[in-house]
Amino acid sequence: MIDYEILLICVLTGAACAIPGVFLLLFRMSMAADSISHTILPGIVLGYLMTGDLSSPLLYAGAAFSGVVSVWLIELLYRTGLVREDSAAGLIAPFLFAAALILIARCSDSVHLDTDSVLLGEPAYAPFDRLIVNGTDIGAKGVWRSVFLLAMNLLLILLFYKELTLAAFDPVLAALTGFLPGLFRYVLITAASITAVGVFETCGSVLTVALLTGPAGSAFLLTRRLSRLLPLAALFGITAGLAGYLCAVCLSVSIAGSMAVMTGILFLGAYLISRTA
């Protein structure tokens, strides 16, 4: 039986993650998506330990800050010239992720912060967490959270489209014209971190990485025009959410796992189309 709230969460999450994913790809920071999905966890855990409230806005602030700091640490280590950028990411991200898992195991046994939910997530549980306003149930929090993330990322693109595009394609010219490409890299990282923590509870780290990289990569195989790349990536994200959910319902398997698999299948399809075009 189809639960339309879960379906809506899957579809909106796919679109919300695909939009910043496009600019992560253009900035050659797709590996940062993997780092962000892992390194936001320390911010979430520390925010919970400080407040004792899983719904506190401090968790979002801490996670976003943690994601930005992790990227800064990776770039700092890379600039020493001693390691490659991918090696730096491979050192920093697992370290922070493992530290957060230890904190969860030692300090948060009484709450539902467990390693399975951290890695895999489960959108099927999202409808149980309701948003109540003045005694009225207005839907699952996950739906409204996904709507907010999608609106936030669309607003970011509308406000800084020119600056992000110039910083991605010609950072030297962007610097000469006063656009500060480094600043917009961190604006993008902050948006990606907020998006990641917003979908983290339902999607887990594995699906978050898949949705931040897969739809954008699939779209990039079919077009190089940014005006087409953004909507096409969003369409791939929506398709992954829809197809993944329906596949999970039919096969009685994990929704998050099915969505991650669908991002890979869509990428393979885009690759085959690009090779024959």
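This is a predicted model: local features need pLDDT of at least 70, side-chain atom pairs count only at pLDDT 80 or more; totals for chains, interfaces and linings use all residues.
Biologist: What makes Ser70 count as buried?

Modeller: Ser70, which is found in helix α3, has a relative accessible area of 0%, and because buried means under 20%, Ser70 is called buried.

Biologist: Which residues does Ser70 touch, leaving aside those up to four places away in sequence?

Modeller: Ser70 touches Thr39, Ile92 and Leu96, and Ile92 and Leu96 are also included in a second, separate core of five residues, together with Ala88 and Ala89.

Biologist: Which residues touch the most other members of the largest nonpolar core, and which elements give two or more residues to it?

Modeller: Of its 70 residues, those that touch the most other members are Val22, Phe23, Leu26, Phe27, Ile40, Ile189 and Leu207; the elements giving two or more residues are α1, α2, α3, α4, α6, α8, α9 and α10, and α8 gives the most, with 16 residues.

Biologist: What does Phe27 touch, again without residues up to four places away in sequence?

Modeller: Phe27 touches Leu164, Ala167, Ala168, Arg185 and Leu188, where a touch requires heavy atoms within 4.5 Å.

Biologist: How do you know that α8 falls short of the span of a straight helix?

Modeller: The helix α8 has 42 residues, and at 1.5 Å a residue a straight helix would reach 62 Å, whereas the end C-alpha atoms of α8 are only 26 Å apart.

Biologist: Where is the kink in α8 centred, and what is its angle?

Modeller: The kink in α8 is centred on Cys203 and is about 115°, an angle taken between axes fitted to the seven residues ending there and the seven starting there.

Technical notes. Residues are numbered from 1 along each chain as its sequence is written. Side-chain values use heavy atoms; hydrogens and water are left out. A nonpolar core is a set of buried Ala, Val, Leu, Ile, Met, Phe, Trp, Tyr and Cys residues joined through side-chain atoms within 4.5 Å. Buried means under 20% relative accessible area, exposed over 50%, partly exposed in between (1.4 Å probe, protein chains only). Helices (H or I, at least four residues) and strands (E, at least two) are DSSP runs, numbered from the N terminus. The expected span of a helix is 1.5 Å times one less than its number of residues.
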